[in-house]
Each structure stands twice: as structure tokens, then as C-alpha cells.
Amino acid sequence: MAVFGPRSRMLSTRRRPFTLPVVSANWLKNAGAVLTLIYFFGLTVIQNGILHASDYTSQEFGELINTDNNVFMLSGVATVCYLIGVAAIPIYAFLLVQGVLYTSNIKKYVLTVLIFALISEVPYDLAVSGKAFNWEDQNVLFTVLIALIMLWLLKIFEGKGLGPKLLCFLIVAGGCFWAMVLGCKFGGGFVLIAAILFLLREKKGWSIVASLIVSLIYATALFGFAPVALYSGERKNTDKKIGKYFYYAFYPAMLAVFAVIVAVL
């Protein structure tokens, strides 16, 4: 009679095939929120609050980094926060595409993003530039708004044939143009990534490869495509305590807190 001890059970466990983790929409939203927090902590609290980088020219700040070890270290931490945080770009672009594809009321979707973009602008300007109004730099929800309107138009006009393809090209080019002209955070790159993920949605592999190449302009943003590639298609919010608008409200609330910290520092 065979006897199976702890060692046998351990060997049996080791033989189990490796399976990739399953990523839901709720998981992607949480990951995006955390990455956004990290990004803006480095940009506002460290760079603007502690280092007061905006008080120096690029040359002066570079010289300060070379002569002051504390500034060198903190500047490095801010850079790491940037490199980690930009991974949120493909996550949010993908979620935006999913939202356009499955929303039951896209007009309400656009209006919601517009309202929270307006709410976020003053906290964003205070946290990033120290001014209540900075017309040269707009918060990322305006970038999302432009991308959302672009995707809405693509959904309406996409189709087979030269005419629809040319029209879609012009819509995408227009979205990228306005994101850059208006100085929206992350600019035309975010808009272009969203367009690629939408237009090539039937070919997930190609859509990720093409948008990954575009994401290289943000250095490490490509790592955000890992959870996107593992997306399970589950859209249900698994946490009933988190309201529908929590993720919208999180952004201006975070910026407001960082703006206060920067002002105090």
C-alpha cells in the first residue's frame, strides 16, 4: 500500500501548470488610481513642494543637482515616481475604449468627464504650477475628454472603404492636434494610443503592439500594457462600497491635497 506524505503532496503541488492571473476592469481602475497617485506625488510634493524646481531654470536646477546630494537623491525619487506612474497611461486609454464600447449613454459619459475636468483644473494648476490658473497646461481629464469625443466620432463613422478610413484618420489627427495645442497633460500620445486600441480592437495582439510602440515616448509606459493584455473582460464592480463616481472624484481630491501640501512646503 502506497503512503503519501507531505513530500508527495509538495511534489504534486509543484506539478500544477502555471496560469496567468486574471485582471478585471475593477482591478485596472485600482491600479490606475495607485499609479496616478505615485506620478503626481513625485511631480507635485517632491518636485514642486520640497525641491521648488519651478523657481529655477533648467540649467540652474541641473547645477543644483550636481552640487547638492539631497537634491540629487530627491530628484531621483521624483524621476522614479514618473517612471512608475506613466504606466497608468495605457491602462486609462484601454478603460476609456471599453467605456465607449459598452456605455449605454455616451452623452452622459462625455458630460461627466467634462464636469470633473473642470473641477480638477484649479487644484491641478495649484499643485503643478503654484498658480490658480495656468492656461499653458491642462489637467489630464481634458486629454481624456478629447480622446473620448474622438472615440465617439470614430464609433459613429468607422466602416469599410476609403471614405470612412480617411474620415477616421482625420478624426484621430484632429484629436491629437487639439490635445497638443491646448497643452493637455500627456498630449497627443494618449489620444493616439486610445485611437489605436479602438480601431484595432478586433485584433488585440496588433492593437497592443502598435500602441506599445507609441507609448515609448513616455519611457516606461509600456509596462502598463501587461495588465491590459491580461484583461478578462469582467466589467462588474466587485467592491460595492466603491461608488460609480469614486474614481472621478479621486483625481481632483488627490490634487487638492497635494496642492495644500505644496503650499505649506
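Helices here are DSSP runs of H or I with at least four residues, strands are E runs of at least two, and both are numbered from the N terminus. With that in hand, the protein chain reads along its sequence as α-α-α-α-α-α-α-α-α-α-α-α, a total of twelve helices and zero strands.

A word on the model before we go in. This is a predicted model, in which local features need pLDDT of at least 70 and side-chain atom pairs count only at pLDDT 80 or more, while totals for chains, interfaces and linings use all residues. Residues are numbered from 1 along each chain as its sequence is written, and side-chain values use heavy atoms, with hydrogens and water left out.

A residue is called buried under 20% relative accessible area, exposed over 50%, and partly exposed in between (1.4 Å probe, protein chains only). By that scale, 43% of the 265 residues of the protein chain count as buried.

Twelve of its 15 residues are buried, so α5 is largely enclosed by the rest of the structure. Among these buried residues are I91, F94, L95, Q98 and V100. F94 has a relative accessible area of 9%, and its C-alpha atom is separated by 6.5 Å from that of A194, 100 residues apart along the chain. The length of the helix can be checked too: the expected span is 1.5 Å times one less than the number of residues. For α5 (residues 88-102) this gives 21 Å, and the end C-alpha atoms are 21 Å apart, which agrees.

**Aromatic pairs**

Rings of Phe, Tyr and Trp (its six-membered ring) pair if their centres lie within 6.5 Å; planes under 30 degrees apart count as stacked, over 60 as edge-to-face and the rest as tilted. The structure holds 13 such aromatic pairs. Two of them are set out here.

| Pair | Type | Centre to centre | Angle between planes |
|---|---|---|---|
| F116 and Y248 | stacked | 5.4 Å | 25° |
| F186 and Y218 | edge-to-face | 5.8 Å | 85° |

F116 lies in helix α6 (residues 106-128) and Y248 in helix α12 (residues 246-264), so their pair ties together parts that are 132 residues apart in sequence. F116 is buried, at 16% relative accessible area.

F186 lies between α8 (162-181) and α9 (187-199), and Y218 between α10 (204-215) and α11 (225-229), so the pair ties together parts that are 32 residues apart in sequence. Both F186 and Y218 are buried. They also belong to one aromatic cluster with Y39, F40, Y82, Y124 and Y251.

**Backbone and charge around F186**

Most residues other than glycine have a negative phi. F186 has a positive phi of about 70° although it is not a glycine. A219, in the loop between α10 and α11, also has a positive phi, of about 65°. F186 is buried at 18% relative accessible area, whereas A219 is partly exposed at 37%.

A charge is said to sit over a ring if NZ of Lys or CZ of Arg is within 6 Å of the ring centre and within 35 degrees of the ring normal. K185 lies over the face of F186, at 5.6 Å from the ring centre. R201 lies over the face of F198, at 4.2 Å.

**R201 and its salt bridge**

R201 forms it with E158, with the closest N and O atoms 2.5 Å apart. R201 lies in the loop between α9 and α10 and E158 in the loop between α7 (140-157) and α8, so the pair ties together parts that are 43 residues apart in sequence. R201 is partly exposed, at 28% relative accessible area, and E158 is partly exposed, at 29%.

**A nonpolar surface patch**

Patches are made of residues with over 30% relative accessible area and no salt bridge; like charges are joined within 9 Å, and nonpolar side chains (Val, Leu, Ile, Met, Phe, Trp, Tyr) within 5 Å. Areas come from the Shrake-Rupley method with a 1.4 Å probe, and for residues only the protein chains shown count as cover. L199, L200, W206, V209, I213 and L216 form a nonpolar patch on the surface, with about 590 Å² of accessible area together. Helix α10 gives the most to this patch, with three residues. W206 lies in α10 and counts as exposed, at 62% relative accessibility.

How values were computed. Salt bridge = Lys/Arg side-chain N within 4 Å of Asp/Glu carboxyl O.
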